[in-house]
Amino acid sequence: MSTGAAADAQALLRCRLSDPRFSLSPSPSPDSNYSKLKFILSNSIFESCNNSVLLLGPRGCGKTTVLELVLRKLQTDHPDRLSVVRLNGLLHSDDRCALKEIVRQLCTDHQLIFSKMASCDDNSQFMLSMLRECALAHKAIIFVLDEFDLFTPGKQRLLYSLLDAMQSVQSQAVVVGVSCRLDADQLLEKRVRSRFSHRKLLFLPPSMEDLQRLLRQILFLPTDSSFRHSDFAVKFNAKLSVIFNGEGFIDILNSVVGVDNSVSHLLNFLFCAVCNMDSGSGFLSLGSFKSAMLSVQRQLKLESLQDVSILELYILVCMKRLEAKDCGSYNFNSIMKEYKGLQDASQTGAYYSRQVCLRAFEHLLECELVGFTDNNRGQSLSIEFRAVVLLISSHELYQGLRSSRNCPDILLQWFDRENPKSHAY
Amino acid sequence: MAPSATTDWPSPSEIGDNALQPCFVLHKALPRKYEKRSKEFNSDEDESSYEKLRSEAFNLVWSRIETAIKDVLKHSTSHLFKELHNWVHESFLAIKSSATCSLSEVTRPYPLLVDNLCRQLFTAFVLTKNIEIVDDLLTFKELGVHLKSQGCHIVNLSSHEFSVKHGIAGCFRSLLRQLVTFASNTPDISILASWYSEEANYDKPIVVIIEDVEQCSSMVLAEFITLLSEWVVKIPVLMIMGVATTVDAPRKLLPSNALQHLQPRKFTLGSPVERLDAIIEAAFVKPFYGFNVGYKVALFLRNYFLRHDGTITSFVRALKIACMKHFSMEQLSFLCKGIIDEDSKVWEKTCQSLPEGLLKYAANISSIKRNNIDGNVGDALADGISELMRLRNNWSAVVMCLFEVGKYGKIQLLDIFCEALDPSLPNCKALKRCLEEGKDHRQPLRRDAILRDSESLNSREGTFIAQAVRKVRDLPSASLHQLLKFWARHTEEIAEVNHKVQALLSTFEVEVDGQVVKQEENGMKRNPVSQRLPNMEKDKSQVAHEKAAMLAISMIRDYMVPIESSPFHEIFCFKHVDVLQSALIGDPRKTIQTDLLRSHSYLQCSCCSASLTPSMHDTSILYNLAQEHGDLINVHDWYESYKAILVGSSTKSKAKQKQSPTPKKRKVTDEPNRIEEASIQYPFLLLVP
Amino acid sequence: MGDSETVVKTPIRVTRSSSSSTTTTTTTTPKQNSPQKPKPGSRSLKNTKASFSDYLLFPKPITLDQLYSSYPCRKAQIDELLHLIGPPNSPMKPIFIYGRPSSAKTSVLLHVFKHLNRPFVYSSCKSCYNPRLLFESVLNQVFFHGKQSTNNYASAKRCEKASDFMNFLREALVHTIATIRENQRPKGSKNSLNCGAGEMIYLIFDNVEMIRDWDSGLALVSVLFKMGDLLKMPELGLVFISSASLDSFYGNTGLMELVPVFFPSYTDEELYQIFMRGQPNPKLYSSFLGVVLKTLCRLTKRVDELSVALVPLFRKYCEPLSDLRVIPDEAMKRKLFSCLQPHIMPSLNQVFKVESGTIVETNKEKEKRKGILRKQGSGETVYEVDFQMSDSAKYLLISAFIASKNPATLDAALFDSTGGSDNRKRKRKSSVTSIEKKDQAAQEMLLKGPGTFPLERLLAIFQCITSVTDGPIEREQVEDGLTEEVGSCGLMSDVLLQLSTLCNANFICKGGSCPLEGSTRYRATIDEDMVMKIARSVNFPLAKYLYRR
């Protein structure tokens with residue numbers, strides 16, 4: 001029974017975590033972004049005036065979420081007073097396909113037949129006429145431009161035509177730009193910027209208190225009838241609150257938030273925690289949070305250093321030595337020279353042939369511990385002549401050497417001694 | 001030439017055209033020669049008729065030679081094809097056994113979950129022992145046909161598909177075009193998979209032949225290989241790569257992560273040298289097609305092959321040119337027709353019925369001049385030819401014998417052939433010397449023979465034939481036995497030599513130690529006295545060697561008469577190196593330049609003379625000027641002098657006008673000046689590259 | 001409001017009438033009538049049954065123990081994946097699996113899905129080498145569309161832009177999930193088709209790291225990573241597999257929502273386990289592995305490379321044995337090891353070995369060929385280059401090598417106007433000039449590789465060399481004088497052809513044309529000993545012309 005309960009609990013939590021709307025419930029306070037945005041949109045709908053606004057703020061602070069909430073509210077309240085067109089800078093940065101997308105959405109909203117074959121001019125014509133018609137029908141069209149900053153490179157024809165259309169009285173539309181670049185409006189051309197009403201809503205990352213509130217709100221199971229196993233829920237919540245108050249958890253939370261204090265990051269962290277909550281007891285433990293933290297914030301370079309073979313470590317150390325000598329740029333040949341020198345100085349281990357070293361070197365290039373300084377790929381010059389650099393700091397390398405399982409100690413000596421002669425034995 | 005060299009740079013694709021150039025030169029050259037020669041004839045119609053005869057004789061002879069060559073080449077590759085087919089079969093079985101996948105699974109995008117740890121492509125590196133790919137393109141085509149006939153899917157890719165510009169899409173496009181026989185604009189492997197999963201195509205290996213790996217762009221090739229190796233379990237793809245240089249060329253070319261997807265196997269194509277030997281044997285030594293090359297020509301061909309481009313293709317082309325030249329220049333060459341038909345009647349009749357023009361010509365063929373003939377030229381011609389035939393047969397027999405020796409002694413037939421053609425052969429000192437030593441030495445011969453042999457090897461004097469003869473002496477007796485058998489076969493026409501050989505063979509037979517060696521070809525029964533003491537055998541076999549050597553020498557001395565020292569050989573033997581050379585390496589740039597210098601001599605117009613005049617063609621003017629200035633000329637001076645020449649004629653008139661004081665006149669005169677400027681500058685800019 | 005509707009409608013007709021002839025709804029495609037692509041609205045159930053199970057599911061699921069047993073060293077990762085993917089019908093965050101190549105990322109994931117028996121779509125960015133192919137392969141699977149000769153191997157949809165991809169995908173997924181739903185109902189009675197477990201459908205993108213090399217790859221990567229937000233479908237699960245770690249995808253925006261799963265490369269013990277699997281004679285093989293595995297692991301940890309290296313070694317190891325089923329004791333082990341010992345080091349040091357043709361007689365044949373071939377090597381069989389190459393090409397190659405070895409300033413000293421007829425003078429000069437330049441030049445050579453040179457310089461050196469050379473030409477002179485001038489005039493005529501030939505053989509490569517004079521520059525990429533061989537074969541004293549260490 002408890003396992004079933006646990007399963008249900010996990011399912012519920014996962015649903016909550018992966019549904020962004022749940023995470024930010026609208027806060028009714030009048031100065032919240034939610035109510036501001038709601039006000040802007042609703043009066044531009046009902047005063048039937050054009051408007052434009054930018055929602056700015058770092059990632060994962062719920063810009064889009066708030067917008068979605070507002071739009072849903074409005075659509076539920078006045079279903080036929082507005083129609084929403086959603087564009088995303090990632091997909092529609094190209095003007096003509098953006099126009100096409102607009103037309104497509106408008107068509108689907110108004111049950112019209114959409115033609116793929118229509119030319120770009122047809123589409124823009126159609127959009128303008130739609131604007132006009134909707135204005136006559138007292139219907140506001142709301143353009144949501146997500147990743148707003150990605151629309152700005154290029155000629156900004158789309159933005160211009162949108163904003164220009166809004167200068168005329170017989171159109172009724174709102175352009176809502178969402179961007180994580182706080183200087184998004186500086187990216188606009190002059191002709192566009194002049195037509196843009198400089199109304200911006202700034203979204204700030206949530207404070208620690210908000211996050212903790214969010215934490216409880218998300219993780220605590222409902223003890224009311226909405227969740228079947230209420231007694232399990234009580235036990236669950238009790239355990240959680242114990243964990244939350246323990247300082248071990250506070251540290252974890254601090255380190256997680258310290259890396260990235262956005263909501264989405266927190267949600268990720270929680271998701272991992274929920275995923276490896278032990279299915280036996282079905283309760284979240286501190287351990288699960290710990291492992292979640294580890295899996296969320298990883299030491300990528302160290303991991304890949306763990307993976308490299310001994311020979312590859314040799315090469316890395318040789319490169320590090322070359323960089324310490326700072327003899328300008330160097331390439332595989334100079335590495336081989338260095339390696340040979342070291343090998344001769346201290347007769348330990350076998351001296352590997354050039355081919356094998358080259359293969360190891362290519363592995364290093366593959367897993368991006370080593371990189372080319374020149375990144376033109378069509379070059380006629382073969383690999384061993386191209387200049388390379390170490391992509392990890394010597395400190396990271398040192399840690400890697402220390403932590404790697406069977407690293408020969410001669411390597412460590414090579415690592416910190418400068419000249420091999422001094423300790424040749 | 002050097003500075004202008006970069007302007008016409010032959011890209012690899014153009015090599016073919018450039019290489020063809022001599023032929024064009026040839027075709028231009030031909031008619032003029034006819035003009036010259038036809039002066040000697042009194043009547044045109046028989047001249048034309050004989051010309052027709054000649055041309056068809058040429059067609060006949062050349063077709064014979066060509067077919068002979070083709071057969072040789074086909075024979076040389078057939079063995080490799082068999083090997084490759086076996087290899088394909090084995091590796092296909094290997095793939096099948098490693099994992100089985102159903103028809104429906106083939107088209108799935110995800111890899112098959114078999115736990116063979118790494119997927120490898122079976123790859124055959126075919127070493128075409130030649131840095132020039134030209135010869136082997138055809139070979140790979142034939143290989144493709146052969147394997148197709150054995151029931152594989154064949155894709156022939158060349159390095160052009162593996163260019164950085166088109167990327168991997170390029171090779172897939174042509175791959176699909178060859179297999180699926182339709183060109184998709186989005187070629188990818190899923191199409192190949194679904195094609196392969198159709199009943200008709202399923203369960204056959206797909207062989208991808210890449211003619212020239214070295215030229216492929218390594219990035220694209222590597223990508224191609226890794227991609228195919230992902231799918232190799234579902235789509236059994238085998239690769240055959242032509243490698244021009246060395247086995248580790250691919251290793252240098254490809255990155256390691258592509259290399260470890262290959263499971264290579266090495267195959268070797270016959271080297272062009274041995275193919276050439278075979279060709280010469282088939283085309284010139286063994287049968288007589290009524291066309292033969294003189295000593296100098298042979299040498300020239302040999303050097304051209306060894307030093308300029310070692311391709312069979314160009315060698316054959318050179319031969320063809322030589323043949324064509326011969327039949328166009330030599331008026332009696334049509335006689336060879338009879339020779340091919342092998343009946344003396346034909347050419348005797350034709351010889352009788354020659355018009356006296358030709359007879360006169362025949363009478364003062366240089367080789368007859370020496371021993372001047374009396375009586376009927378026709379008869380003389382007839383039996384001269386038959387004589388020549390006899391000599392030629394002996395010669396070829398001997399050369400074949402020597403070649404058999406050469407096979408043991410690592411001496412090329414090509415060298416022996418050239419040397420055997422040398423008319424000054426009998427009085428070549430090196431050969432003399434070895435003949436001498438053949439006479440006087442008895443027991444201690446082997447020692448210093450070897451010694452001399454070695455020294456003569458590293459110092460180049462000591463001809464190949466001499467080497468061959470020496471080789472005969474220090475052959476191991478078993479191989480000598482073999483050799484003698486070969487000789488017996490080759491010298492069947494020459495009765496007396498054949499007898500000697502048989503005798504030698506028999507004695508050898510006897511003296512070879514105890515165990516019985518039965519002879520089929522000459523039904524000798526071994527006489528009972530065959531038990532000898534070993535040392536006795538030793539020097540006996542020694543004697544046998546000696547005898548063999550002497551026999552070889554006598555053969556060389558008596559029967560190997562170079563064709564050029566026999567009467568009427570001009571009719572069948574092509575000796576004009578210079579003609580061939582000019583046709584073959586007819587340095588186009590040089591000819592153009594010389595022609596530019598003497599343009600007036602070509603277009604015989606009245607106005608031009610040797611000196612530069614404006615009426616000459618602009619190009620030639622410019623070139624002449626450039627010559628005058630030496631190799632470096634700056635464009636301004638060039639233009640100035642060019643203008644000077646063009647304007648030169650009209651200057652006087654202008655000077656006249658200059659004297660007239662009134663300013664407006666001068667204004668007027670400026671006009672034509674400026675016009676001239678334009679009209680001069682235009683062709684100048686047009687011409688200056 | 002009704003009138004507004006009509007008002008809305010009217011102008012549309014006007015505007016659309018231009019293209020109304022060609023209008024089609026988004027759901028219909030050119031392929032509609034072809035049987036492969038079932039039309040979403042009316043697809044026959046058995047058709048769906050067939051297509052669904054074989055497009056989105058594995059034939060037969062496996063149990064958890066089979067899963068664990070098939071990957072003994074990957075238990076931790078399997079558990080992690082199972083946790084993240086979670087129970088049926090529960091949404092998930094996109095997963096990012098990464099690890100070195102050949103660390104069983106893909107196959108483990110596929111096995112996991114085989115175990116879970118849930119619908120998934122797999123597409124590898126290696127097989128689909130550009131965005132369009134990627135999109136279309138995904139769409140083909142979601143639309144149950146197979147490329148066939150009947151539809152001449154076309155995709156279900158023609159889709160090049162990411163935006164179109166999103167629309168198509170949304171439409172298709174909505175439909176597919178609907179079908180799943182209707183079949184998930186407990187009593188779909190007789191004809192409820194097998195849609196696997198749960199209502200989720202998963203997209204798997206393999207080799208994501210390849211996308212970065214495509215043009216505008218990073219944008220596409222971010223689109224894929226954010227697909228969950230863009231589509232807003234909780235029923236969609238995303239899994240990305242990459243051999244490059246997550247940090248190499250930074251620099252484009254907002255990828256932090258991925259949950260990383262790391263596949264570490266195997267330790268030596270794990271490798272031992274892996275290679276021991278499915279061995280006919282475990283005792284023997286384990287003793288063999290005990291000998292070689294440690295040393296091999298020092299070089300590389302990649303399973304595929306190791307297995308390639310192991311096969312020939314094991315063959316060597318078994319050579320002394322009569323039958324392979326023998327259980328080795330200590331003495332035998334020692335004996336075998338002593339037999340193997342000499343072969344280990346060389347096999348370590350070669351990456352790539354080519355074994356020649358199989359059959360015995362072919363080997364013999366090859367020997368004969370080699371024998372014949374040695375003839376041309378005029379006496380010295382040891383140093384002979386074993387492929388045909390005309391003399392002029394050889395000289396050209398040598399001169400190219402010289403040109404890219406020596407700095408151009410040295411040419412005057414090397415080849416004086418007399419064509420450097422007397423060697424010792426030249427030699428002295430070269431050594432003198434070389435001494436101060438040597439180490440710096442050596443460093444240079446190490447860094448820049450072979451230097452480039454214009455065509456003119458090459459030709460000049462070439463002429464010098466051919467004028468100086470003794471060896472073969474002298475031989476020709478013995479035979480007759482004619483060939484000499486044949487040589488000289490002939491050489492110049494086709495030297496450009498020779499050069500292009502050498503370029504094709506990768507001995508010389510065209511470097512970038514230098515900006516000052518437009519002419520292309522060349523570089524000799526041939527390695528030294530090869531040139532030495534060639535120089536010997538035409539016995540040309542190459543060493544004199546190079547100064548170096």
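Across the interface of chain B and chain A, the rule finds zero salt bridges. A salt bridge here is a side-chain nitrogen of Lys or Arg within 4 Å of a carboxyl oxygen of Asp or Glu. This is a predicted model, where local features need pLDDT of at least 70, side-chain atom pairs count only at pLDDT 80 or more, and totals for chains, interfaces and linings use all residues. Residues are numbered from 1 along each chain as its sequence is written, chains are lettered from A and ligands numbered from 1 in the order in which they are written, and side-chain values use heavy atoms, with hydrogens and water left out.

Stay with B and A. Five residues of chain B are in contact with five residues of chain A. Contact means heavy atoms within 4.5 Å. The two chains bury about 420 Å² between them, 46% of it on carbon and sulfur atoms. Buried area is the accessible area (1.4 Å probe) that two parts lose on being put together, summed over both. Which three residues supply 75% of the area that chain B buries against chain A? They are Met219(B), Arg251(B) and Ser256(B), with more than any other three residues.

Next, salt bridges elsewhere. A search of the whole structure finds 39 of them over all chains. Take Glu68(A) and Arg86(A). Their side chains meet in a salt bridge at 3.1 Å, N to O. Glu68(A) sits in helix H4 (residues 63–77) of chain A and Arg86(A) in strand E2 (residues 82–88) of chain A, so the pair ties together parts 18 residues apart in sequence. Helices (H or I, at least four residues) and strands (E, at least two) are DSSP runs, numbered from the N terminus. Glu68(A) is buried, at 13% relative accessible area. Arg86(A) is partly exposed, at 32%. The cut-offs: buried is under 20% relative accessible area, exposed is over 50%, and partly exposed is in between (1.4 Å probe, protein chains only).

A second pair in chain A is Asp210(A) with Arg213(A), at 3.8 Å, N to O. Both lie in helix H10 (residues 208–219) of chain A, three residues apart, about one turn of the helix. Asp210(A) is partly exposed at 30% relative accessibility. Arg213(A) is exposed, with 52%.

Now a pair between chains. Arg212(C) and Glu368(A) form a salt bridge at 2.9 Å, N to O. Arg212(C) is in the loop between strand E3 (201–206) and helix H8 (217–225) of chain C, and Glu368(A) is in the loop between helix H18 (354–366) and strand E7 (370–372) of chain A. Is each end buried or partly exposed? Arg212(C) counts as partly exposed at 21% relative accessibility, while Glu368(A) is buried at 19%. There is also a network of salt bridges, which links Arg359(A), Glu366(A), Arg302(C), Asp304(C) and Glu305(C).

On to a helix in chain A. In H8 (residues 157–165), Leu158(A), Leu159(A), Leu162(A), Leu163(A) and Ala165(A) are buried. Seen down the axis of H8(A), the buried residues fall within an arc of 160 degrees, so they line one face of the helix. That arc is taken from the directions from the helix axis to the C-beta atoms.

Chain C next. It has 23 helices and nine strands. Of its 549 residues, 56% count as buried. Of the contacts in chain C with a separation of 6 or more, 74% come from residues 24 or more positions apart.

Look at one sheet in chain C. It is an open sheet of three strands, in the order E7-E9-E8, with antiparallel pairing. Strands pair if DSSP finds at least two bridges between them. Strand E7 (452–454) and strand E8 (508–510) of chain C stand at the edges, each with a single partner strand, so one side of each is left without a neighbour in the sheet. The twist averages 35 degrees from one strand to the next. Axes are lines fitted to C-alpha atoms, for helices over the stretch in contact, and angles run from 0 to 180 degrees between N-to-C directions. Three bridges join E7(C) to strand E9 (residues 521–524) of chain C. Pro454(C) has Arg521(C) in E9(C) as its bridge partner.

Last stop, Thr186(B). Where is Thr186(B) found? Thr186(B) is in the loop between helix H5 (167–179) and helix H6 (189–196) of chain B. Thr186(B) counts as buried, at 10% relative accessibility. Leaving aside neighbours within four places in sequence, Thr186(B) is in contact with Ile191(B), Arg132(C), Leu133(C) and Glu136(C). The C-alpha atoms of Thr186(B) and Leu504(B), 318 residues apart along the chain, are separated by 74 Å.
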